[in-house]
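Subject: Structure for your review

Dear colleague,

Please find below the structure that I am handing over to you. My findings follow it.

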Amino acid sequence: MYRNTIYRKETLQGKVYSELLRNIVTGKFPPGTPLPSRTELENEFNAGKETIKKVLKKLAENGYIHPRCRRSALVAKKLPSHHYTIAMPVCVADSLNEFDYLDSPWGYLIFNSVSVALLQKGHTMLVLDGKANNGMLPSQIDGVVMLGDDQFNYRGNYPDLPILMINPQQKRALGALTCDFSEAFTKVAVYFLSVGVKHVLLLGFNAPKRELLFDYAQNNFVGTLLEQGFDSNNILYGPAECCYERADAEMAVSEFLSAAPQGPVCVLASGDMLAQGAVDAAKKFQRCIKKDFFAVGCTGLKEVEKWDVPISTAGTPFEKLGQRAAEMIIDYIASGNAPEAEYVKSQFIKRNS
């Protein structure tokens with residue numbers, strides 16, 4: 001288990017240093033401008049001369065200010081680059097289940113996009129099994145990015161630690177970044193039903209994802225398609241247990257098509273490999289792709305562009321999500337202020353499926 005040295009009482013010197021550093025980094029004291037005088041700083045922070053002297057010395061040693069004889073120090077014209085270490089817990093658990101996000105394509109792509117974006121900015125991501133460490137964090141961690149909610153109560157145990165949550169249940173919470181593929185999928189379902197598709201098969205979605213899709217379907221279908229005479233029973237759920245395997249998806253869709261559903265069919269799959277398996281089944285039943293059979297995935301794998309039938313994708317723009325997550329957690333660490341909740345718009349990439 002890691003020894004926790006993050007949650008500790010901060011000294012007055014540390015508080016003064018953190019506050020001045022935050023004001024410099026956030027531009028309250030712009031580059032090239034003078035800091036308040038030592039006397040003003042002593043009064044503002046109710047600190048002694050020796051404390052302020054040590055704080056200014058540390059800021060100068062770290063490259064944030066340039067001391068001047070008998071005058072206020074100047075903020076450096078070019079601030080030093082930072083190197084932060086960001087933790088991302090991968091394993092979550094409740095009373096019934098344990099889930100490792102890296103076991104799913106969607107989770108892996110989220111982690112990868114955030115990791116790449118942090119690396120491009122000169123920072124490091126540490127993949128952390130929070131369950132194995134009983135929710136404890138390494139002492140060198142500067143911030144945390146997590147998928148979903150705070151299961152380990154990091155906010156309670158580390159109240160001063162910057163924490164960014166991606167797709168938490170409370171979408172508008174401070175320090176939250178949301179990109180909900182359910183919205184994109186529902187809009188795609190609405191589109192296909194509106195252009196004459198008779199059956200939309202949702203394939204490989206577990207219970208929580210089905211609930212998200214159901215909520216969006218209720219909001220989008222009511223007042224639109226349902227009132228125009230479309231039957232909500234045309235939106236069907238395939239087996240949730242066929243998670244990521246192409247062969248499993250082919251088997252499930254073959255069983256569906258063997259019942260000879262009338263009219264065009266669209267399969268919305270929880271992964272691109274599942275969508276490819278659906279295409280395999282359609283070919284076996286001599287369904288014409290893009291005419292009476294459509295398949296859409298959601299993991300956004302770049303390799304799908306080179307497949308025999310390039311798979312259309314509805315869902316998360318992972319690169320954009322990772323870049324924004326990196327920017328938000330870095331700004332959060334530098335400023336100490338939790339960012340407002342943000343939403344990254346889902347996307348639909350149309351290809352030949």
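A residue is called buried under 20% relative accessible area, exposed over 50%, and partly exposed in between. Asparagine 153, at 41% relative accessibility, therefore counts as partly exposed. Please note that this is a predicted model.

Asparagine 153 sits in the loop that runs between β7 (143–147) and α5 (154–157).

Regarding the chain as a whole, it has 10 helices and 16 strands. Of its 353 residues, 47% are buried. Among contacts with a separation of 6 or more, 71% are between residues 24 or more positions apart.

Helices α2 and α3

Two packed helices are described by the angle between their axes and the distance between the axes. For helix α2 (residues 38–45) and helix α3 (residues 49–61), the angle is about 110° and the axes are 10 Å apart. The range from 65 to 115 degrees counts as roughly perpendicular, and α2 and α3 are therefore described in that way. Their crossing is right-handed. On the α2 side the contact involves Arg38, Leu41 and Glu42, which meet Lys49, Ile52, Lys53 and Leu56 of α3. By class, the residues of this contact comprise three nonpolar and four charged, with no polar ones.

The loop between α2 and α3 contains asparagine 46. This residue is not a glycine, yet its phi is positive, at about 50°. With a relative accessibility of 69%, asparagine 46 counts as exposed.

Lysine 290 belongs to the loop between α9 and β13 (293–297), and its relative accessibility of 43% makes it partly exposed.

Glutamine 276 is part of helix α9 (residues 272–284) and, at 2% relative accessibility, counts as buried.

Valine 197, by contrast, is located in a loop, the one between α6 (181–194) and β10 (199–203). Its relative accessibility is 5%, so valine 197 also counts as buried. Apart from neighbours within four places in sequence, valine 197 is in contact with Phe192, Pro264, Val265, Cys266 and Phe294. The C-alpha atoms of valine 197 and phenylalanine 293 are separated by 8.6 Å, although the two residues are 96 residues apart along the chain.

Helix α10

Helix α10 (residues 318–335) is made up of 18 residues. From first C-alpha to last, α10 reaches 26 Å, close to the 26 Å expected at 1.5 Å a residue. Its buried residues include Phe318, Leu321, Gly322, Ala325 and Ala326, and Met328, Ile329, Ile330, Tyr332, Ile333, Ala334 and Ser335 are buried as well. An α-helix has 3.6 residues a turn, so residues three or four places apart point the same way. After α10 comes glycine 336, with a positive phi near 80°.

Yours sincerely

Terms used
Residues numbered from 1 in each chain as written. Predicted model: local features only at pLDDT ≥ 70, side-chain atom pairs only at ≥ 80, totals over all residues. Heavy atoms only, no water. Helix = DSSP H or I, 4+ residues; strand = E, 2+ residues; numbered from the N terminus. Buried < 20%, exposed > 50% of the residue type's maximum accessible area, 1.4 Å probe, protein only. Contact = heavy atoms within 4.5 Å. Axes fitted to C-alpha atoms, helices over the stretch in contact; angles between N-to-C directions. Parallel < 35°, antiparallel > 145°, perpendicular 65-115°, else oblique. Left-handed = near helix turned anticlockwise from the far one by under 90°. Nonpolar A, V, L, I, M, F, W, Y, C, P; charged D, E, K, R; others polar. Expected span 1.5 Å × (residues − 1).
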